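Please consider the following sequence together with its three-dimensional model. A short report with headings comes after it.

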Amino acid sequence: MSIPNEALQKLVQEIETQAITAQREINVVRATIASKQRDVRMLELTSTEVKQLDADTKVYEGIGKMFMFAPTNNVQTRLSSETAELKNDISNLDKKLHYLETTHKNSREHIDQIFKSRGR
C-alpha cells in the first residue's frame, strides 16, 4: 500500500517546516546561552573584585542615572543571587537546546527515511 504523491509531499513539507523551525530556535537558544554565560562571567568577576575590598570601603550601585550607597555584603548577596539565577536559566536553556537538537535530528531522519522508502 503506497501513499499518494500529494499526501507524501504534504508530509515532507510539514516535517521540513518543523526542522527549519527547530533550527531557528536552536540558533536563538545558543545566542541566549552565550549572552547569559557572558553575564555570569561579568557577575563572577565583579563578585571577586568586591570580595577583595576592605570591609569599610564604600560601594555604590548604579540605579538609573544615579548611584546609591550599598553595603558590601548586600552587593555580594545580590551578585551571588543573580549568578545563581543565571546559572539556573542556562541549565534550563541547555535542556531546551537538547530537545530542539533531537527534534531537528529526528525530522531530518524522517525526511531521509521517506525519500529512501520512496526510491525503492
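## Basis

This is a predicted model, in which local features need pLDDT of at least 70 and side-chain atom pairs count only at pLDDT 80 or more, while totals for chains, interfaces and linings use all residues. Residues are numbered from 1 along each chain as its sequence is written, and side-chain values use heavy atoms, with hydrogens and water left out.

## Helix α1

Helix α1 covers residues 5-51, and its 47 residues should span 69 Å, which agrees with the 68 Å between its end C-alpha atoms; the expected span is 1.5 Å times one less than the number of residues. Helices (H or I, at least four residues) and strands (E, at least two) are DSSP runs, numbered from the N terminus. Among the buried residues of α1 are L8, I15, A22, V29, V40 and V50, where buried means under 20% relative accessible area, exposed over 50% and partly exposed in between (1.4 Å probe, protein chains only).

## Hairpin

Strand β1 (residues 59-63) pairs with β2 in the antiparallel sense over 5 bridges, pairing being assigned if DSSP finds at least two bridges between two strands. E61 stands opposite M68 of β2, and G64 takes a positive phi near 65 degrees in this hairpin, which has 2 residues between the strands.

## Aromatic residues

Y60 and F69 form an edge-to-face aromatic pair, at 6.0 Å centre to centre with 70 degrees between the planes; rings of Phe, Tyr and Trp (its six-membered ring) pair if their centres lie within 6.5 Å, and planes over 60 degrees apart count as edge-to-face. Y60 is partly exposed at 48% relative accessible area, and F69 is likewise partly exposed at 48%. F67, placed in strand β2 (residues 66-70), counts as exposed at 64% relative accessibility.

Definitions and conventions:
Phe/Tyr/Trp six-rings, centres within 6.5 Å; stacked < 30°, edge-to-face > 60°.
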